[in-house]
Amino acid sequence: MKTLSIIAVLALAIILPFIADIYLIHVVSTIMIFMCLALSWDMMLRTGQLSFGTAGFFGLGAYAAIIAVDDFNVNPVMSIFVGAVFAALTSFGLGIAVLKLREMYFAITTLALTSVFTVLARNLSDLTGGAAGKILFNAIFDGDPKKTYWLILSFTIVVIVLSEIFERTRVKYAISSIRNDELVAKSSGINIFKYLLIVFVITSAIQGAAGAIYAQQYAFVEPDSTFSANFLLLPIAMALVGGIYSTIGPIVGALVLGFTSEYLKLLMPYGHLIIYGIIIVLTVIFLRKGVYGTIMEKIRSK
Amino acid sequence: MRRLFVLVSLLLTLIVLAEKPIKIGAILPLSDITGRQAANAMKLAVKEINDAGGVLGRPIELIVMDDEMKPEKGAAAVDKLATVDKVDFFVGGMSSSVHLAQIPILKKYKKITVWIGAASYKCEEAVGADSDWYFHLHPWDYLQGESYAIGWKAITEKYPQVKIEKIFLAYEEGAFGTSSFKSYQDEFELAKQGTGVWTGLMKDLKGGPFKSAALGGGDYRAMLLQAKQYDPDLFIWAGYDADAIPMLSQAKEIGFSPKLFVGAPPGWPADFGKNPLSNGVVLYGMWAPALKDVSAIAKHFWDAYVQEFNEEPATYFAPLGYTNIYFLIEAIKKAGSIDDKAVIQALREIEYESPVGGVLKISPSRIIKNQGFRAQKILQWQNGVQHVIWPFEYATANLIYPFPGWSTK
């Protein structure tokens, strides 16, 4: 039954461009980008480490992809791999230093990294275009929304599979034990630093690839909007609303908040952001386990 | 009988077609005062036009979408207006980064777009030279810079006591401030070579960064002391509205009173004019409420806006939004249809007296063929009111020079 449901959802997702209008395709594409960010943030959180570097690595990947295409004539699709690899390598180097930190110290350091990346993007003008940013004259696939959608869908599937690998293999036991009690994990022979580094690098690569796709979709980077806090706060809100420490939670959160945000706007052009904010606050206060977690809890209690 | 039936059917079809509205899709940031007031002003223009019988015998329908100041939302709004609402024209705009994301999508539809926002030259590069359907009304950032030089030159000619040779630019260390300083540096290099619009005016330039109060800063003393020591003829700060009052307070505290104290934030704090420190501060802007005293269309707009919305227009995006609709409708009227070629031709030919202050006429800019306004205005706070100093044809007061200083404040 579960497999059938997954196949049905996947089939619907694949054929969506043939049955939906371009606006819906665009909205779903954006939701999937944020879904990937929410999943990657949650994957790091499963180790017990709260990362605020999501927007930073997103922006880094975006810049790497645009520079790769503009300055080195890299194919736009290949530039997404460039964005992911660049974010992964940067996070590997930084991870060696910052992953020794814990709790708020780690969180604040990752937040500071975003500021550092922004300042660099603003000041390395010859490479990054400085404060004005950099543009491409063509969006990926010449702006074809259907092809862009399928690209984002493929990427989302990869991220979901990665998240599930984290959930279903022995990695889960390693990172869960790190989150629950580092001392116990260490005494069980788990190489804490190695696992933290692996998760940090993989989640940063996801964020970098998401940034690269976003930049190629809209054909520009600009420091303030590319490193915007929106790429940190909204994924966190999505994971919290859906439910943390799982794959399905951030997916549900992204779908709920993504569609709510867009369709609230159509219902009430003015003031929709206030209602949207209230929905997030109320969900986080009253559904402490998120929408998915609460539903599952109710089902289990019956 | 059959003939009568055909005739009646034909007549009914014509009536239905005649009453089918011309759809205009507007994309604005509705949670920001600029977008909200621009949307209000557009609605006011549409109401006036529809009350007067519409255009080409058809009513106008305005569909407003919120871009939330987010590039992806602004881009999705273009898709929605084009494919779901099936609008005939696009208008609106504010943020450059939102517009950068919209440009690839606008290029896909190639519908006539008359845009009032996005000053970054990067947007002009992204639009490109071939986009005949694209009309940009807001001056590009480099056009604004040029217009300040033209304005100051005119002021030094009219007021011989005004001397501008040494300029100090205080800039917030973020994107807005650093890009402002960069453009001044570029202009200074050109002026040194005897080319560029600042030649003869800018003989020396110095810059000083500061952390904006809007971004957690707010202590300008070190930068102001540096400026005081430099003793500029023109002191200009490029920051945000949150910097306006503390900047003046701290300048007073250290006794820094340049001959011209100029502020160039994108917006000013509400009731800034009521603060006595504001008297004599010069600012740049596209419009000032005082224009209603010298321009009939500005007065009409002001009165109608206040009557309709029970609030005063507080940002130039309000008269610009009003202009946005009227300019397009005047072109449709002239074209006699909504055929793309005819409307594009008409947009290039018409002249529209705008409540922003000035006649709007299309001419080429560096890259695009269809640029509207080319200049900002030089304004000055005088006894709580923003007055136009330059262009002189719209001047509502004479320049107070030198800056009155702090002894009476």
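Two strands pair if DSSP finds at least two bridges between them. Strands (E, at least two residues) and helices (H or I, at least four) are DSSP runs, numbered from the N terminus. What you see here is a predicted model, where local features need pLDDT of at least 70, side-chain atom pairs count only at pLDDT 80 or more, and totals for chains, interfaces and linings use all residues. Residues are numbered from 1 along each chain as its sequence is written, while chains are lettered from A and ligands numbered from 1 in the order in which they are written.

**View 1. A parallel strand pair in chain B, β1 with β2.** Strand β1 (residues 22–28) and strand β2 (residues 60–66) of chain B pair in the parallel sense over seven bridges. Look for A26(B), whose bridge partner in β2(B) is V64(B). To get from β1(B) to β2(B), the chain passes through helix α2 (residues 33–51) of chain B, a right-handed β-α-β crossover (with the strands pointing away from the viewer, the path from the first strand over the helix to the second runs clockwise). Five of the seven residues of β2(B) are buried, leaving this strand mostly covered. Buried here takes 20 or more other C-beta atoms within 10 Å of the residue's own, exposed takes 12 or fewer, and partly exposed is in between, with C-beta atoms placed from the backbone.

**View 2. The seven-stranded open sheet of chain B.** Its strands run in the order β7-β6-β8-β9-β10-β13-β14, with mixed pairing. β7 (204–210) and β14 (385–390) of chain B are the edge strands; each has a single partner strand, so one side of each lacks a neighbour in the sheet. Neighbouring strands are turned by 30° against each other on average, direction ignored. Inside the sheet, β8 (residues 234–238) and β9 (residues 260–263) of chain B pair in the parallel sense over four bridges, and F235(B) has F261(B) of β9(B) as its bridge partner. Helix α6 (residues 141–158) of chain B packs on the sheet and touches β10 (282–285), β13 (377–382) and β14 of chain B, its direction making about 80° with that of β14(B). Touching means contact: C-beta atoms, placed from the backbone, within 7 Å. Axes are lines fitted to C-alpha atoms, for helices over the stretch in contact, and angles run from 0 to 180 degrees between N-to-C directions.

**View 3. Two crossing helices in chain A.** The axes of α13 (residues 248–267) and α15 (residues 290–301) of chain A come within 7 Å and cross at roughly 120°. That makes α13(A) oblique to α15(A) (under 35 degrees is roughly parallel, over 145 roughly antiparallel, 65 to 115 roughly perpendicular, the rest oblique). Among the residues making the contact are V252(A) and V256(A) of α13(A) and Y292(A) of α15(A).

View 4. Most residues other than glycine have a negative phi, and most peptide bonds are trans. Y245(A), in the loop between α12 (230–242) and α13 of chain A, has a positive phi near 65°. With 17 C-beta neighbours inside 10 Å, Y245(A) counts as partly exposed. N383(B) sits in the loop between β13 and β14 of chain B, with phi near 50°. A cis peptide bond joins W390(B) and P391(B), omega being about 10°, and the bond from Y401(B) to P402(B) is cis too, with omega near -5°.

Technical notes. Contact = placed C-beta atoms within 7 Å.
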